[in-house]
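The sequence and model are shown first.

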Amino acid sequence: MPHQICRDLPTHPLTAELQRPLGFRRLVGRFCAGVLFIFFAWLTATAAFAQDRVVLQLRWDHQAQFAGYYAALWQGFYADAGLDVEIRSAFGPDGLVRAVTEVSEGRAQFGIGGADVLVAIDSGAGLKIATTIFQQSGFGIVALERSGISAPADLVGRRVGVRPMSVTTAELEAVLTAEGIVLDQIEWVQVEPGREDQLLIAGNIDAYMGFRSAGRWRLLDAGVIPIFLPASTYGVDFYGDVIFTTSDMVDQDPLLVRRFVEASRAGWEYALAHPQEIATRIATDLVRTVPVSDLAAFNQSMATDIGGLMLFPAVQLGHSNPARWEKMFDALAKAELVTGQFEYLEFVFDPDLQKAESQKAILKWSAFALVFFGIAGAGTTVIMWSSVMRRRVEAKTKELVERDQELAKSEKRFALAVEGTVAGIWDWDIKTGSSYFSPRWGEILGYSDGDLPPQVDTFFDLLHEDDIDRANEAIRAHLEDHKRFDINFRLRCKDRGYAWIHSRGQAVWDKNGNAIHMAGSIIDVSERVKAAEALAAASGRLTAIIEQAGEAIITIDEDQKIQVFNHAAESLFGVTEAEAKLMELTDLIPERHRPSHRAHVQNFIGSSETQKTMSVPGGISGIRKDGSEFPADATISSFSADGKRLGTVMIRDITDRRQWEADLSSAKNRAEFANKAKTQFLANTSHELRTPMNAIIGFTELLMAGIPNTPAPGQADYFSDIHQSALHLLDVIDDILDLSKIESEIVDLVEAELVIADLIHAAMRILAERARRENLTITTNIPADLPNLVADQRMVKQILINLLSNSVKFTKPGGTITIGANMGTDGSMDLWVADTGIGMAKDDIAKAISAFGQIDGDFAHKDEGTGLGLSLVNSQIDAHGGKLLVTSAVGVGTTVTTRFPAHRTVGGSQFDVAPTPPANGATKL
């Protein structure tokens, strides 16, 4: 190894010389020689300092995982430290190489490793860890989102890929042990390095222990969604990447080691401040052996991820905790990867701690030398010792000042991190009982800074009485049994209410295993607890609803195996829930339908549809436990839960409904037959009545016209009454006959272009005499530019006569009747009759429109009638494709409108006049 000069004064040969009894002159001479020796040695080291060439061996291919070392090289930090550094990929001409092997065998001076370095040192490799880089392990449990694995407990019964005798396996075992999982409950599968992703995607394994950044990227690149469970989440505090070298290098040239470490740290600070710059340059300037689809995106993604492994600036770069190294060693020992005893300074290069040990040795030998020189020449020795000690005190003072400054910076960074986090930080000195609560700790509970006494009793005073025993047991289990402290409890807020708190903590134990310190954090999880309680309540309600539902409800998984089988399903199929959970959905249908049914359900669950009616030609059927079949009606809906696609089927026995439908169809057929028979009867009867009735009318007219002289008293009136009655009866017969034709759907429209004004005046002439006798006034409202209407003339005239007749019939003497027409904005035409008659209530309108329907009331029966007027009008306007509108109010009057569609008007589309029947105070019902 280069540089065999030892630069540490306590180990210099001068120290041995000082232990021998020498004369003053000889002592001074040798002292000067020693000084000259040290001076020339320093000159030699300085000359070599600018020429030191070292090799850094990576643990994998060139990627952003090692960004800090590239940054130190590219930004000149290594050159400034007098180092010519070559950074080598783990993929050489002969394939993959191990960093511990390259450094142990002298082909590299520094390497990047992890827990594997501890294993190598324990095996006698002669290595030492120079500094830590990643404060957390980058390894964790890698699985696919579709697997449903969300915690280590989900690995029970699953196939987990491991490398034989691997430190990653030891880390995984530490995770499982921390979670209380028996290792024998896992199905371990031996895998070759680099094939884990292929086996995971193919379904040969369910999970493996892998590096987060690379594994996540490779799986996403393969088109699958990964999940990653970091080991640190479960209390496993393995350090991640570390810089290591040989023990000889540390012993013979500690200054070179420190220069390399400091330059590397400076490179990491730059890389963390400029992650995308370094990541992009790695992708463009360095040759990578292991291919990825998008090298730039891969490195940029990794650069973002690794920042979280360093915990910088909250934790100083290179910070090393002896207790954590010992804990890692113990985990490796449990995995039978190491067998020796852990000695911190034998494994880790810690200059500060080593210097303190050296100071102790110096003091020890100095005391001996002082006694010796007190005998040989106390004066000279005191002078020399004073000079040496003064320089050392000055150096030590400078070192302490620098350390205090660095500590102040670290504390400032820690304070900023504490202030910026959403969590509240607590710190407990177990020996004194004093505590520290960060300002955020109090804010969570509504307290201001300074409101809470800094004592551990403050915590217990705020703790909900129902949570005291549970919290005490959790603390005891952590301090005594080293179980994980991770608990939910309630703390009293300033407003006297309580907040649900989630707290995690970690204790520090002394050499005797006694807990001396504990620190941790809290976060407010009140909303999360409320949501969980609401979810539990909703789940309970849903379960109750499902169990009490009258329909059979069945939930199936992606393989159509039954997961939920409610009480109604048990009753319907005669199968218990326990029996059903051993069955598939297809077991509940007749065997002849099973193949097609299974395919239909499978296609639905795999599609984007969320609901579908289950149907096949002829209807679907179910089969009971006793083999009997029944017709069924079913719907299926799908949803996702825990990464799985599930289906819910609702099934109804429709045996009774099928019978009801058959009965209803039969009744409908009978009713239609009876209606046709009734219509035919009315048509025949009306036809038979018309012949004698026409004869009666003709004879009465002849008698009335042929009376030679003045008739006997009352004779003319009798003839008139007979004539009017016969005419009325003929009208009734015509109405019945028209209605029968319409109901029989045998009406034929004789369409012609009609002048509406002429038809309105013709209808008025027919009713004029009757209106005069009733002392009623009939007026018209007809636009001069009203277009012609294409319709059946007889029907339109009959519509107008019926509407006028109704208004005359139901309007008291002195009233007014208006008949008119107007165009609608859509080109339709309205023919309407408005009166100031008795009007109708809302409930009477539908009755008045129905066949043979007559509203109650004395005035309504002053004229006899069949009640077919409005019904016939409704049928006639319907035959023209129009609609009947009735607006009426009791005691105010009625407006009846028949609206003919736009295609029946001649040039109706050019009109743009809104319907404006005369206002008579009526309201539309």
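In this predicted model, the largest nonpolar core has 96 residues, of which L56, Y69, L155, F260, W268, W325 and L332 touch the most other members. A nonpolar core here is a set of buried Ala, Val, Leu, Ile, Met, Phe, Trp, Tyr and Cys residues joined through side-chain atoms within 4.5 Å. Helix α11 (residues 254-273) supplies the largest share of this core, eight residues. Apart from this core lies another, of 36 residues, with I756, L759, L870 and V886 among them.

The model is predicted: local features need pLDDT of at least 70, side-chain atom pairs count only at pLDDT 80 or more, and totals for chains, interfaces and linings use all residues. Residues are numbered from 1 along each chain as its sequence is written, and side-chain values use heavy atoms, with hydrogens and water left out.

Leaving aside residues up to four places away in sequence, Y69 touches L56, Y78, I87, I112, I133, I243, S264 and W268; contact means heavy atoms within 4.5 Å. Ring pairs also link Y69 with F134 and W268 into a cluster.

Rings of Phe, Tyr and Trp (its six-membered ring) pair if their centres lie within 6.5 Å; planes under 30 degrees apart count as stacked, over 60 as edge-to-face and the rest as tilted. By this rule there are 18 aromatic pairs. Two of them are set out below.

| Pair | Centre to centre | Angle between planes | Class |
|---|---|---|---|
| Y70 and W74 | 5.6 Å | 20° | stacked |
| F139 and F211 | 5.6 Å | 70° | edge-to-face |

Y70 and W74 both belong to helix α3 (residues 67-74) and are four residues apart, about one turn of the helix. Helices (H or I, at least four residues) and strands (E, at least two) are DSSP runs, numbered from the N terminus. Y70 has a relative accessible area of 2% and is buried, where buried means under 20% relative accessible area (1.4 Å probe, protein chains only).

The other pair links distant parts of the chain: F139 is in strand β7 (residues 139-144) and F211 in strand β10 (residues 207-211), 72 residues apart. F139 and F211 are both buried.

Over the whole protein chain of 925 residues, 42% count as buried. The chain has 29 helices and 30 strands. Among its contacts between residues at least 6 apart in sequence, 68% join residues at least 24 apart.

How values were computed. Buried means under 20% relative accessible area, exposed over 50%, partly exposed in between (1.4 Å probe, protein chains only).
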